[in-house]
Amino acid sequence: MTAPLRVGNASGFYGDRLTAMREMLEGGPLDVLTGDYLAELTMLILGRDRLKEPGTGYAKTFLKQLEDCLGLALDKGVRIVANAGGLNPAGLADRLRELADRLGLAPRIAYVEGDDLMPRADELGLGQPLAANAYLGAWGIAEALKAGADIVVTGRVTDASLVVGPAAAHFGWARDDWDRLAGATVAGHVLECGAQATGGNFAFFTELVKAGADLRRPGFPLAEIHPDGSSVISKHPGTGGAVTVDTVTAQLLYEIGGARYAGPDVTTRFDTIRIEPAGPDRVRISGVRGEPPPPTVKVGRNFLGGFRNEVTFVLTGLDIEAKAELVKAQLTAALANRPPAEIRWTLARTDHPDAGTQEEASALLRVTVKDPDPGVVGRRFSGAAIELGLASYPGFTLTAPPADASPYGVYRPAYLPGELVEHTAVLPDDTRVPVAPAPATRELADVAPPALPEPLPPGPPPALPEPLPPGPTRRVPLGYVAGARSGDKGGDANIGVWARTEEAWRWLAHFLTVDQLRHLLPETAALPVTRHVFPNLRAVNFVIEGILGDGVAAGARFDPQGKGLGEWLRSRLVPVPEVLL
């Protein structure tokens, strides 16, 4: 019987725990250690770095980790695969070679490129962004590993590709092994956000603590991937956190859309995932089906959107609403001769009556402004707010001194035919290996233009379970019986909600409709909302379009990445059948 490939994760974002790489290398056996450093916001940050210093554009913390851990990884025979190359994987590979020389080591270093479309932006009709990067797949990574690379760094690849590439290389999968590729994609999706799979950001974290899990420092996850694409999610023994069906379910629902999860190598059917406990801190994932990917690849584009600024007024005690209206009228009048292109006011009623501290008696009124001209929203704006200090509401104060304007980015995805992207693996001996697009493609049914032949049929909607029989209910928070996790995709957000028992699923599937979500979360009432049903996970997933505006870098919303939307939903009072409580 072929032994599984043990793939670990040591980073879920640029800025994650610096010591995680050493912890994973020392904590137990691994074959491959991955690191995900790139998010939509990160690409903007790296783009601005590159403008200031053209030789940069990669995740500098990865170099710090390798300075500490490169010798250890080589001694243990653990291969490292990371997208830390960002906008400059060749530059990062050069820095790694310099680091290795300084340390007296000789790792075989490869990199993957072709995602950076900036040199061809005009030719491809992408406009004039700060960064334009195609989401590459796993096969460049696989080529580098098959050539003997100890370290593979990439630019923008899909997060799951960091796991799919090593699995495909190790087991010799074919380009059209759709089910195996889909299974590894699911494992990669679970690993990509690090400790979110081991109890981090977990809805029922208090239960894990009561059960003895130490959440002060959750361990990072690993996947034992089998030749058929199935996997077992686990973590090193003795590390913090926990791996349960619920923690894995939560991560499976993170930042997804419908049943068909499209990537450049395979379209993964999330409605076929089966998960089950496989022992303490072990969860098995099986049954995943795959289909050919769509013919287009996603391109993440980051533009300079303009300039922004904000001021937060503290309103204390009585007449909060009247105080807010006064200062809004005053500041609006002060800016009337050249108002900002966009102005947004948000009043957060954090105040409590008869409060024991001044902070508990105070509300926060935040005004965010945006404009193409930094002069309009710079000191002219924040100074106008300060000038009201002795002429406005009683108790006038701000949370911060006046500030100048700062640039903000706007995220805009685009889609290009896969054959236009020059995916290339640069091997340790500098041989350049072009990676062809997928051998077969099929358009997703829900976005297929009528002219395209044979779009993938959508199929019937999943059958809902039998509803619970009528009975007494009690108004309690939804979170008493359901977990949730939410996240961002550009200007959209998703909220995945799951039930932990079959009885709770029978209620949740019928209760939590789009209309009910709009009622419970009034901010979504005027926005397009789509519900997707995942019976195998006992879950529903809502995609809320436009709630995050132009994305996190431009966001004026209180929670610009939508990370707390799920917890807001869980806090709302709903009539829950008493048989579930």
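A nonpolar core, as I use the term here, is a set of buried Ala, Val, Leu, Ile, Met, Phe, Trp, Tyr and Cys residues joined through side-chain atoms within 4.5 Å. I note at the start that the model is predicted.

**Entry 1: cores**

I looked up the largest nonpolar core and found 73 residues in it. The members that touch the most other members are Leu-126, Ile-225, Ile-273 and Ile-285. Helix 7, residues 178-191, gives this core its largest share, 8 residues. I also found a second, separate core of 38 residues, with Tyr-58, Leu-87, Ala-93 and Phe-220 among its members. As background, nonpolar side chains in soluble globular proteins tend to be buried together.

I then took Ile-225 and listed its contacts, leaving aside neighbours within four places in sequence. The list holds Pro-4, Leu-5, Val-7, Val-163, Ala-167, Phe-171, Trp-173, Ala-187, Ser-230 and Ser-231.

**Entry 2: helix 6**

Helix 6 spans residues 161-171 and is mostly covered, with 10 of its 11 residues buried. After the helix comes Gly-172, which has a positive phi, near 70°.

**Entry 3: aromatic rings**

How many aromatic pairs does the structure hold? I count 10. For Phe-202 and Phe-204 the ring centres are 5.9 Å apart and the planes stand at 70°; planes over 60 degrees apart count as edge-to-face, so this pair is edge-to-face. Phe-202 has a relative accessible area of 5% and is buried. Phe-204 is buried as well, at 4% relative accessibility.

Trp-507 and Phe-511 gave another geometry: their ring centres are 4.7 Å apart with planes at 15°, and the pair is therefore stacked, the cut-off being under 30 degrees. Both residues lie in helix 12 (residues 502-511), 4 residues apart, which is about one turn of the helix. Trp-507 and Phe-511 are both buried.

I also noted a cluster in which ring pairs link Phe-313, Trp-345, Tyr-393 and Phe-396.

**Entry 4: charges over rings**

Which residue places its charged end over the ring of Phe-204? I find Arg-570 there, 4.8 Å from the ring centre. Phe-204 thus has an arginine over its ring as well as its pairing with Phe-202. I recorded a lysine case too: Lys-370 lies over the face of Tyr-408, 5.0 Å from the ring centre.

**Entry 5: Asn-9**

I looked up Asn-9, which is placed in strand 1 (residues 5-9). Is Asn-9 buried or exposed? Its relative accessible area is 1%, and anything under 20% counts as buried, so Asn-9 is buried. A polar atom of its side chain lies 3.0 Å from the backbone nitrogen of Ser-11.

Leaving aside neighbours within four places in sequence, I have Asn-9 in contact with Met-24, Leu-33, Thr-34, Asp-36, Leu-191, Glu-192, Gly-194, Phe-220 and Pro-221.

**Entry 6: cysteines**

My search of the whole structure for disulfides returned 0. Cys-69 is buried at 2% relative accessible area. Cys-193 has 16%, which is under the 20% cut-off, so Cys-193 is buried too.

Key: Residues are numbered from 1 along each chain as its sequence is written. This is a predicted model: local features need pLDDT of at least 70, side-chain atom pairs count only at pLDDT 80 or more; totals for chains, interfaces and linings use all residues. Side-chain values use heavy atoms; hydrogens and water are left out. Rings of Phe, Tyr and Trp (its six-membered ring) pair if their centres lie within 6.5 Å; planes under 30 degrees apart count as stacked, over 60 as edge-to-face and the rest as tilted. Buried means under 20% relative accessible area, exposed over 50%, partly exposed in between (1.4 Å probe, protein chains only). Helices (H or I, at least four residues) and strands (E, at least two) are DSSP runs, numbered from the N terminus. A charge sits over a ring if NZ of Lys or CZ of Arg is within 6 Å of the ring centre and within 35 degrees of the ring normal. Contact means heavy atoms within 4.5 Å. A polar contact is a pair of N or O atoms within 3.5 Å; within protein, one must be able to donate a hydrogen and the other to accept it, and residues adjacent in sequence count only if both atoms are side-chain atoms. A disulfide is a pair of cysteine sulfur atoms within 2.5 Å.
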